[in-house]
Amino acid sequence: MSIAQDEPGAQFRLSMLLNDTRYRGYTFQAVALLALIAFMAYLGVNLVQNLAAAGLNISYQFLGEPAGYDINQRLVEYTSQSTHWRAAVVGVLNTLLVAFVGCFLATVIGVFVGILRLSKNWLIRQLTSVYVEIFRNVPVLIWILIVMQIFIVVLPQPRDFKGANASASMWFDAFAFTGRGFYTPKPIWMDGSWVVVAVFLASILGVFAFRQYAKTRLYRDGVMLERFWTSLGILFVPCLVVYFIMGQPIGLDYPALKGFNFKGGVYMRNSFIALTFALSIYTAAFIAENVRAGILAVSKGQTEAAASLGLRPNRIMNLVILPQALRVIIPPLISQYLNLTKNSSLAIAVGYMDLTGTLGGITLNQTGRAIETVLLLMLFYLTISLSISFIMNIYNNAVKLKER
Amino acid sequence: MKNSLILGAMTVAGLAAGVATAGTLEDVQARGKLNCGVTTGLVGFAAPDANGEWQGFDVAVCRAVAAAVLGDASAVEFVPTTGKTRFTALASGEIDMLARNTTWTFSRDVDLKFEFTGVNYYDGQGFMVPADLGVTSAKELDGATVCIQTGTTTELNLADFFRTNNISYEPVPIETNSEAQPLYLEGACDVYTTDASGLAATRAAFENPGDHVVLPEIISKEPLGPLVRHGDNEWGDIVRWTLNALITAEELGVTSANMSDMMAGTNNPEINRLLGTEGTLGAMLGLDADWAAKALAVSGNYGEIFETNIGENTPIGLSRGLNAQWKNGGLIYSPPFR
Amino acid sequence: MTDQHQVAYVRTEMLPEQAPPSSQQGVFKWVRENLFPDVVNSIMTVLALLIIYYLLSGFMPWLFGGVWTADSIRDCREILDAAGREVGGCFAVLTERWNQMLFGFTYPTDQYWRPFTAFLLLPFAVTGLMFMGLIAKAFRILAIVQLCMAALIVVGAMAQGSGLGMAVTPAILAVLAFAISTLAASGTPIVRYLILMTALYPFVAFWLIWGGSILSPLFVMIGLIIGYLVFKRGEAFGFAAGVALGLVATVIVWIIGGQIAGLAPDFLAFEAVRSRDMGGFMLNFILGTVCVSLSLPIGIVLALGRQSDMPIIKIICVVFIEFVRGVPLITLLFVANVVLNYFLPPGTNFDLILRVIIMITLFSSAYIAEVIRGGLAALPTGQYEAADSLGLDYAQATRLIILPQALKISIPGIVNVSVGLFKDTTLVSVISMFDLVGMIRGPILASTEWNGVYWELWGAAILLFFPVCYGISQYSQWLERQLDTSHR
């Protein structure tokens with residue numbers, strides 16, 4: 001676009017700021033920057049005026065004061081005398097727990113359904129597509145509330161387990177599925193249990209070593225070793241042997257009904273399960289579509305080529321199709337993980353104490369520090385999102401098709 | 001919407017900061033509507049009926065203020081607020097007053113910069129449990145699952161109560177009263193705790209209210225009252241004295257039935273001053289002389305409002321108790337109209 | 001040759017074709033191939049059948065044994081008991097609260113036809129744009145849909161004994177749609193008028209839903225038209241100058257118009273309804289449509305800014321987009337609910353719904369910007385270079401060459417974002433607004449009559465959301481196929 005008169009050294013005139021393409025960009029940017037600064041300043045002035053009028057100030061001192069409220073699910077030590085900051089940390093951990101478990105479940109369900117959607121079986125295809133369409137096209141909040149409703153209304157409450165002719169009973173005296181959540185036995189670590197754990201960890205390493213060995217044998221001698229059963233054996237046999245030699249150092253703590261609630265064992269709250277489960281089945285519907293699209297994106301020739309090499313359908317899927325499909329699947333998968341994490345903030349609808357429940361909920365209510373808490377809340381989610389995006393970019397660059 | 005958007009955009013563009021805030025009274029009069037914050041729904045205190053009309057004890061206070069200021073009891077915009085939004089809504093000027101069974105506490109008054117204009121209901125936090133649980137005292141609640149409304153003083157009281165009695169519990173935080181109902185009824189919580197009046201109101205909405213008992217322990221003092229923003233004393237005075245007018249009217253025996261007779265003039269000078277037939281109390285507030293009469297005409301005096309909304313003949317069935325007039329041994333007491 | 005092979009035992013004529021064996025044809029073959037091709041699949045089929053049977057055997061008696069008229073849940077149970085039915089839904093809650101679920105509980109009852117009409121008119125505004133090449137067909141379908149709607153209302157009105165009048169609007173609109181369809185089929189160039197209808201729609205819808213005098217939306221529209229005309233004139237002095245002049249003209253008209261509208265507030269006025277009184281599914285719909293349409297232009301600007309080579313503008317856009325996309329919508333709604341008022345000038349007061357619209361619009365514009373950026377990036381560089389070589393400046397090139405193509409590629413993505421946004425409008429129930437979910441969780445479930453009726457209500461919520469979202473997402477997939485010009 002440069003024109004002959006624009007030669008360097010031509011005298012600068014003010015009108016060139018508007019008319020000369022070399023300078024116009026600067027003018028626009030300066031105007032935009034000024035407008036932005038003016039806008040920010042305007043908001044800031046409003047804020048200061050409003051706060052002054054209401055006699056409030058901005059201060060994060062409340063974070064150091066005792067929170068005063070209790071939180072039911074806490075992964076770290078917390079009492080009502082702990083600080084608001086501590087409450088926020090409890091919330092962050094709860095958010096991360098839901099996000100982590102939710103992403104895992106969603107991936108498992110999503111991949112499973114995605115593969116089933118391409119099944120030869122007409123009925124299965126129809127069923128899975130009904131599942132995908134129904135869950136994708138109804139708001140996730142409604143799903144969360146419905147799952148929570150199932151807990152509240154359908155499942156038996158602890159009071160139903162009471163009495164001689166109780167309407168509900170535990171499974172194997174070890175598992176209780178109640179409307180308040182699920183109770184399962186909890187391992188008790190006694191003296192010497194570390195030996196068992198150590199052996200187990202060693203077995204895991206052993207499995208990896210064996211797989212490596214099997215691979216080398218395959219490539220070197222063309223011998224295919226039985227891998228599945230051997231791995232299973234390596235994984236469990238030494239553990240069990242050590243477990244009995246050490247005199248059964250790991251016991252189980254069974255849940256039992258005491259007073260109002262079950263005591264003992266691992267307690268998974270209804271709000272946690274409802275939130276995690278609803279988020280996973282909702283997100284899984286999207287993931288299933290991504291998986292399907294990814295598999296379809298692998299050209300048919302690949303399947304045929306693999307088949308002509310004599311591979312069985314299972315191995316074609318595992319060795320040829322999935323590795324190639326993953327490259328297509330992973331980027332949208334990560335953004336689904338991001339969505340799930342952000343949607344976990346709907347915890348507030350079922351009373352799960354994630355960060356929105358503690359910091360953005362009770363702390364905000366009790367201290368009235370709206371601006372400060374909402375800002376912190378946003379910063380936290382922003383940090384998670386940006387770190388996931390960052391990891392995604394690294395991954396994308398790593399698996400990018402390297403064309404030579 | 002477009003309109004207001006454009007207006008908004010124009011405000012942002014042109015009318016830069018420096019709009020002098022007029023007093024709340026002028027704002028309300030210019031608007032012709034009173035914006036009154038209430039709960040999202042608590043039968044007896046504030047809840048929309050089947051026709052969408054707001055009804056209740058707190059609502060009556062809003063209507064009385066609207067009648068006193070604007071002469072029209074229906075010129076009220078009811079803004080439903082949750083525990084989370086109520087204070088910001090008031091502080092930011094979205095509502096002119098908050099009548100949402102809000103407890104008068106030191107920090108709300110001093111730190112959050114609000115002005116409580118009186119107490120319209122003396123309450124305390126209680127516990128409700130299903131009768132078949134066989135619990136007779138809150139101290140037997142060790143290990144129980146407790147539903148609490150978040151954003152209220154109740155969760156703090158609760159934490160303190162269980163801590164001092166050294167018993168454990170499992171808190172289930174709930175955002176609004178209506179969400180707590182199914183949780184409690186279906187047995188997802190053993191106990192529901194909130195202000196005793198709220199418990200009574202909630203229980204009244206149940207299918208079989210008799211199946212649920214309110215435990216005798218009252219673990220806190222909860223003086224509930226309407227509040228306004230700090231710093232606008234004229235407006236605070238109006239809300240305060242409208243409430244006082246309702247209380248004084250009961251004390252003096254002015255009811256919605258006999259009020260029109262009394263407007264003709266009585267021998268009791270305080271009644272005359274209250275109803276505006278004597279003195280200039282209304283003018284001092286910047287209102288009409290018969291402001292209190294208008295407020296009283298809406299749904300009667302404090303006692304009448306109590307009886308029609310939450311009294312013993314309503315499904316909620318609260319007795320006056322602490323909320324009887326001071327002459328009858330209660331705490332309801334208004335400074336004199338003089 | 002042939003006579004060499006004249007052997008007695010060789011046939012000379014072809015045998016007639018035989019029918020394939022029964023296992024290789026018809027239903028049997030289909031069942032075998034599609035349901036029982038091997039052991040694993042057979043097991044899955046049986047399992048699936050069992051699951052379907054289990055679900056249906058629970059669901060069907062509940063659905064068909066339901067009670068449709070009762071005053072309360074207790075009434076419902078009594079009726080069920082009297083009829084001796086074990087299970088049965090209490091659908092009476094839907095009959096009784098249907099209007100509340102659709103319109104919220106404060107919208108004036110006698111004015112329901114207004115939002116209803118606005119809702120029915122929406123397809124007329126968008127069909128012309130959405131099905132460019134298939135107008136005749138699309139409008140024929142629309143006519144049928146409207147007729148079905150009318151028929152449904154008639155049936156409903158007969159059952160309830162009132163509300164027959166509501167059927168008039170869809171009936172009229174069905175005729176209109178049919179007329180448009182016939183015109184389009186006969187080759188009349190009708191697109192121009194359809195686009196006019198699209199442009200007119202926001203103002204008509206605003207007038208219908210919010211009521212008040214027709215003057216205010218009219219003047220807003222006139223202001224925009226005059227602004228556009230001035231811009232056309234002013235474009236001679238350059239794009240930026242044209243925009244500035246147009247804006248000034250628009251604002252002047254608005255100010256004058258505002259004065260005039262203030263003088264005659266009752267001129268052709270419907271009963272005014274405040275935004276606070278909007279609720280139910282209508283609120284979801286309003287939030288969805290308003291926010292998506294407002295966020296489109298913002299999204300375009302943001303996308304262009306992010307692709308721009310001016311670093312400051314680029315940074316501003318990137319920061320905005322990444323920030324908004326990085327936080328959950330609920331935190332933005334918290335901002336609208338508890339923080340935004342602090343940032344507005346003292347004394348001004350936006351009501352909650354307006355603040356929510358602002359925040360949701362910002363939210364969706366960031367997502368739409370990313371979709372459009374994808375469209376911009378997908379354009380071959382040749383298009384940019386060709387525009388430059390024609391001597392077009394940035395504004396011209398963008399408006400005439402780049403955007404039309406980029407937007408076309410982005411439409412399916414934009415539609416997907418819109419569906420997501422429409423679903424996300426349910427989050428406003430968390431900040432105590434009475435949208436569909438808020439109505440169900442709040443006033444309906446908390447009422448003495450209906451506490452305990454869960455599945456009927458949630459089922460209705462699914463039934464309201466699913467068709468809309470499913471329809472739109474099917475449309476976007478159809479569009480994707482239409483736009484897919486690659487030859488596979």
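Modeller: Start with B:Phe78. B:Phe78 is buried, as 24 other C-beta atoms lie within 10 Å. The cut-offs are these: buried takes 20 or more other C-beta atoms within 10 Å of the residue's own, exposed takes 12 or fewer, and partly exposed falls in between, with C-beta atoms placed from the backbone. This is a predicted model, where local features need pLDDT of at least 70, side-chain atom pairs count only at pLDDT 80 or more, and totals for chains, interfaces and linings use all residues. Residues are numbered from 1 along each chain as its sequence is written, while chains are lettered from A and ligands numbered from 1 in the order in which they are written.

B:Phe78 sits in strand 4 of chain B, residues 76-81. Strands (E, at least two residues) and helices (H or I, at least four) are DSSP runs, numbered from the N terminus. Leaving out residues up to four places away in sequence, B:Phe78 touches B:Cys36, B:Val38, B:Trp54, B:Val59 and B:Cys62. Contact here requires C-beta atoms, placed from the backbone, within 7 Å. Take B:Val38: 40 residues separate it from B:Phe78 along the chain, yet their C-alpha atoms are 6.5 Å apart.

Now the whole of chain B. Chain B has 14 helices and 14 strands. Its radius of gyration is 21 Å, close to the 20 Å from the globule rule for 338 residues, so chain B is as compact as a globular protein of that length. That radius is taken over C-alpha atoms, and the rule is 2.2 Å times the number of residues to the power 0.38. The C-alpha trace spans about 60 × 60 × 40 Å along its principal axes. Of the 338 residues in chain B, 54% are buried. Among contacts in chain B with a separation of 6 or more, 72% join residues 24 or more positions apart.

Last, the side of chain B that touches chain A. Here 35 residues of chain B are in contact with 35 residues of chain A. Helix 4 (85-91), strand 9 (144-149), helix 6 (153-164), strand 10 (169-174) and helix 7 (177-185) of chain B each supply at least two residues of that side. Strand 10 of chain B gives the most, with five residues. By class, the side holds 15 nonpolar, ten polar and ten charged residues. Ala, Val, Leu, Ile, Met, Phe, Trp, Tyr, Cys and Pro count as nonpolar, Asp, Glu, Lys and Arg as charged, and the others, Gly among them, as polar.

Note on methods: Two residues are in contact if their C-beta atoms, placed from the backbone, lie within 7 Å.
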